[in-house]
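Welcome! The notes below will walk you through it one topic at a time.

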Amino acid sequence: MSSYLTIRQTAKKLDFPETRIRIMVKRGECPGLYSGNRFLVNVEAFVEQLDAQSRRNSKVEAVTA
């Protein structure tokens, strides 16, 4: 079962910049949903997304090195 947290709670839990999460939400890059005017981040999907990006970036760096 997925857990949903506010942007501020997610930033604190993951030690990730709150501002960066807000930018990702604005760009439509952050998994989650709106409840009224509040965005709730799907924390598990967000962590998976960050891990996938990290793996892609490390592969690109290995190829160019």
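**A guided look at the fold**

Tyr 34 stands opposite Phe 39, a residue of β3. Keep in mind as you explore that this is a predicted model. The protein chain holds three helices and three strands, and along the sequence they follow the pattern β-α-α-β-β-α.

**The sheet**

- The three strands make an open sheet with antiparallel pairing, in the order β1-β3-β2.
- At the edges you will find β1 (4–6) and β2 (32–35), each of which pairs on one side only.
- From one strand to the next, the twist averages 35 degrees.
- Four bridges link β2 with β3 (residues 38–42), and the two strands pair in the antiparallel sense.
- In general, the strands of a sheet pair through backbone hydrogen bonds, and they can do this in a parallel or an antiparallel way.

**A helix across the strands**

- Look for α1, which lies across β1 and β3.
- The direction of α1 is at about 100 degrees to β1.

- Asn 42 is part of strand β3.
- Is Asn 42 buried or exposed? Asn 42 counts as buried because its relative accessibility is 11%, and the cut-off for buried is under 20%.
- A polar atom in the side chain of Asn 42 lies 3.2 Å from the backbone nitrogen of Ala 45.
- Leaving aside residues up to four places away in sequence, Asn 42 touches Ser 2, Ser 3, Tyr 4, Pro 31 and Gly 32.

- Where is Asp 15? Asp 15 sits in the loop between α1 (7–14) and α2 (18–27).
- Asp 15 has a relative accessible area of 72%, so it is exposed, given that the cut-off for exposed is over 50%.
- The phi angle of Asp 15 is near 50 degrees, which is a positive value in a residue other than glycine.

**The chain as a whole**

- The protein chain has 65 residues, and 23% of them count as buried.
- Its accessible surface comes to about 4900 Å², and 51% of that belongs to carbon and sulfur atoms.
- Consider the contacts between residues at least 6 apart in sequence: 44% of these join residues at least 24 apart.

Note on methods: Residues numbered from 1 in each chain as written. Predicted model: local features only at pLDDT ≥ 70, side-chain atom pairs only at ≥ 80, totals over all residues. Heavy atoms only, no water. Buried < 20%, exposed > 50% of the residue type's maximum accessible area, 1.4 Å probe, protein only. Pairing = 2+ DSSP bridges. Axes fitted to C-alpha atoms, helices over the stretch in contact; angles between N-to-C directions. Contact = heavy atoms within 4.5 Å. Polar contact = N/O pair within 3.5 Å; in protein donor to acceptor, adjacent residues only side chain to side chain. Areas by Shrake-Rupley, 256 points an atom, 1.4 Å probe, with all protein chains shown as cover.
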